[in-house]
Each structure stands twice: as structure tokens, then as C-alpha cells.
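Have a look at the model first.

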Amino acid sequence: MKTFRRQSVEVNAGSMADIAFLLLIFFLVTATIPNDMGIQRKLPAPCPNNEDCGGEIHKRNVLEIMVSAKNELLVDSDIVPITQLKDLAKAFIDNNGDMTCSYCDGLMKATASDHPAEAIISLKNDPLTAYDFYIKVQDELTKAYTELREQYAKTIFEKPLHKLTKGELQIVKAAYPFILSEVKQID
């Protein structure tokens, strides 16, 4: 009797690694990697050495905004709905308290900022503040500055903000600089 021995069939796996490597490279090259978007802010330049950059700030030039852990918005210690924040910020920034701002339309209150270039918004938040509410607060403050800048651009350059040249845009930003101090409240 004859015995039949079957030989096992082998697959040449040498090229499998090459194919897997080529597929990996293909997916890495063609895949789009999502970019995380955040709040776009330009940080101020660092203070030069041997120079005092911490000048005296008058209390009236600081608008204190605090966001509690319960997502309550406090503006100068008063609870305010978020829908009023933009208007409060605009009134504070555009106040013209020292009457040196020729383009300001403020009410010249003694409790608000002297000049838009001196107006500082101090934003404090509790560590337990909801992220989406904090972003809404940031959006309202950005809207306030954008509306003031838009009004200035239409008055001075007689065109909307998005049609300004780079030089004109710098002038508008210098007239209404976005000065925001963000501090995480520590209890």
C-alpha cells in the first residue's frame, strides 16, 4: 500500500508586510487630520528686560467679570444675564471717562473706563465653570469689540471692517485694543 502524504500549502507572506506598509503610508498621506480650533487671541509681547511693564491701573478702567461654578455671570459683583454682557462691555469700553477720546460715544460715567486704550476686561472663572458657557462669555466680549471696531471703521474710513486694508485695520485695532485678562479663580 501506498501512503499519501499531503504537503501543506504555504502562502508566501514576505510581500504581505510590504503591502501593509504601503497601505499604511497611503492612509497617512490621504487622511485629513482635524485641527482643534480654540479661541484665537494674539498674546501680548513679553516685557523687555530692565523695563517696568506693570504700570498703575485705575480701578475704574477694569471691568471685573466672574463666571461661577453654577454658570452665573457676575459683572462688577452684580448677577447679569449673558444677553446683557455685550452691551455692558461696549458701554464700559466706549465710556470716554477722561474726555480725551474724540471718537467715543460713551456716557462719560465716573465708574467706567477713561479711554478704550485703557479699558481692561478681567475675566475670572471657577474651575467648575462649564466650558460651553465660558466660550459664550468670550463670544459676547468679542462681539462687543467687533461692533465698536465696525462702527469706528464706518465712521473714519467709510467702509466696513472686512474691507479695510491691513494698515487701516491696525489703526482700528489701536483705537479699540482688545485687552483681556483671564484668571482662573482659585478658592
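Is phenylalanine 178 buried, partly exposed or exposed? Phenylalanine 178 counts as partly exposed, because its relative accessibility is 24% (buried is under 20% relative accessible area, exposed over 50%, partly exposed in between, with a 1.4 Å probe and protein chains only). Keep in mind that this is a predicted model, where local features need pLDDT of at least 70, side-chain atom pairs count only at pLDDT 80 or more, and totals for chains, interfaces and linings use all residues. Residues are numbered from 1 along each chain as its sequence is written, and side-chain values use heavy atoms, leaving out hydrogens and water.

**Aromatic pairs**

- Searching the whole structure turns up five aromatic pairs (rings of Phe, Tyr and Trp, the last by its six-membered ring, with centres within 6.5 Å; planes under 30 degrees apart are stacked, over 60 edge-to-face, the rest tilted).
- One of them is stacked: tyrosine 145 and phenylalanine 178, at 4.3 Å centre to centre with 20 degrees between the planes.
- That pair links distant parts of the chain, 33 residues apart: tyrosine 145 sits in helix α3 (residues 131-156), phenylalanine 178 in the loop between α4 (166-175) and β5 (180-184). Helices (H or I, at least four residues) and strands (E, at least two) are DSSP runs, numbered from the N terminus.
- Tyrosine 145 is buried, at 1% relative accessible area.
- Tyr103, Tyr152 and Tyr176 make up one aromatic cluster, and both tyrosine 152 and tyrosine 176 are buried.

**Helix α4**

- Glu168, Val172 and Ala175 are the buried residues of α4.
- Lys166, Gln170 and Ala174 are exposed on the other side of α4.
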